[in-house]
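Try each task before you read its solution.

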Amino acid sequence: MRALQHTLYRTAKADPGRRFHALMDKVLRRDVLWRGWVAVRANNGAPGIDTTTLDQVEEYGVLRLLDELTAELAEGRYRPLPARGVLIPKPGVKDEYRPLSISAVRDRIVQAALKIVLEPVFEADFLPCSFGFRPKRSPHDALQVVIDEAWRGRRWVVETDIANCFSAIGHQELMQAVEERIVDQPVLKLLRQILRAGVMTDGQVRREVTGAAQGGPISPLLCNVYLHRIDRAWDVREFGVFIRFADDLLVMCRTRQQAEAALARLRRLLAELGLEPKEAKTRIVRLEEDGQGVDFLGFHHRLVRSRGVRGGRGTAGVLFLARWPSDKAMQRARDRIRELTVRSRLLLSVEAVVQDINVFLRGWAGYFRYGHSTLRFGKIRDYALYRMAIFIGKRHKRGRAFGWNVVAYRSPDQCGLIRLNGIVIAPRANKPWRGKPHAAGERRR
């Protein structure tokens, strides 16, 4: 499968004008469909409207299901089921929800296989300014561009994101963008079927003429294909450095005049695609010392001054762009910890609750460990200990003080990791514990 992807990528890269006309046989390959199943199983998603779970698919037989999908696709009998529409709360925003479409397991396998074949073709065209949902690219790559450009003097920032991006993508315009590279009619027909499958909400199926179902394996790729038109129309010399992570947009400019021109250019390009920026999140900010800063991809960026050389006379520190978890990211972390320690989980063992908290905190700390997150790591650590003290006190019906008596001890051999009965809760702000170590098993007040 990797050899197939490399061949498609090299072929597309060597000839930017080439249009591929024989791809459906690649989608039907057993290794491609199997890899699609592996991706779906790893995601561990919920069932669609047919209520078929991943465990039921394994009980039925994965190879048996793949053979049936292969036959349906080859004979043209495949019809995707409508996705199950659900509303999930937006993180950090009260009383606002994001629509999510959950396709059936069999449909997710087909979408994943289709993505495996189409992604290398379009990856050959995607530009370096795009970072979201692309192989070998991460949010930290986009964040590093912000640091580098601020160091080069681009300190006027245009920040915005696209309002209802996934639901506002026009099907006809999207297919035109796809047909710039793909002319295989069975593949195009399959894509149209996926787009027109519709979403079932409250027992009714709605089939819109716009939108790529957010939550499907192939939707992020289709979003990048559609927004690639903005990337290739952008002039860095005239409007500044453009950074896009899916529908989150940032432009680094040298002057306010350039930033205003960049925002006007963004509005025009989005209008041509039938999209518009979210006004509540659209602004122009100047990065300056003691300024308000910019939030991007969960980090807050602010220009600060270093302390200078220790012991030097009149040495003033240099300005640099620092970053740490944003207020919204901190609130989301607190909300998640609170969810894991609510009263309804008192029947669970303390070790099980700590394990759930550890899983979340390891992922959260792994993402935010870059930059200058020491103080905020300490706040999340303290909040986790505080919630666990409350949880233990309620579980044993002996009050919060009892919970604090048993909640943690420090271990020097673990670089100051805070523990609960020997189980790691959170890193101590990336710094080793330098105080007097507590004996193993000793309770700390």
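**Exercise 1.** How are α14 and α15 oriented to each other: roughly parallel or roughly antiparallel?

*Solution.* Keep in mind that this is a predicted model.
Step 1: find helix α14 at residues 327–340 and helix α15 at residues 350–368.
Step 2: take the angle between them, about 165 degrees.
Step 3: apply the cut-off, since angles over 145 degrees count as roughly antiparallel. α14 and α15 are therefore roughly antiparallel to each other.
Step 4: The axes of α14 and α15 lie 10 Å apart, and α14 passes α15 in a right-handed crossing.

**Exercise 2.** Which residues of α14 and α15 meet? Sort them by type.

*Solution.* 
Step 1: list the α14 side, which is Ala329, Met330, Ala333, Arg336, Ile337 and Leu340.
Step 2: list the α15 side, which is Val353, Asp356, Ile357, Phe360, Leu361, Trp364 and Phe368.
Step 3: sort. The contact of α14 with α15 holds 11 nonpolar residues, no polar ones and two charged ones.

**Exercise 3.** Is Gln258 buried or exposed?

*Solution.* 
Step 1: locate Gln258 in helix α13, residues 256–272.
Step 2: compare its relative accessibility of 14% with the cut-off, under 20% for buried. Gln258 therefore counts as buried.
Step 3: look around Gln258. Beyond its neighbours within four places in sequence, it is in contact with Val236, Arg237, Glu238, Phe239, Gly240 and Cys253.
Step 4: pick out one partner. The Gln258 side chain reaches the backbone oxygen of Glu238 at 3.3 Å.

Definitions and conventions: Residues numbered from 1 in each chain as written. Predicted model: local features only at pLDDT ≥ 70, side-chain atom pairs only at ≥ 80, totals over all residues. Heavy atoms only, no water. Axes fitted to C-alpha atoms, helices over the stretch in contact; angles between N-to-C directions. Helix = DSSP H or I, 4+ residues; strand = E, 2+ residues; numbered from the N terminus. Parallel < 35°, antiparallel > 145°, perpendicular 65-115°, else oblique. Left-handed = near helix turned anticlockwise from the far one by under 90°. Contact = heavy atoms within 4.5 Å. Nonpolar A, V, L, I, M, F, W, Y, C, P; charged D, E, K, R; others polar. Buried < 20%, exposed > 50% of the residue type's maximum accessible area, 1.4 Å probe, protein only. Polar contact = N/O pair within 3.5 Å; in protein donor to acceptor, adjacent residues only side chain to side chain.
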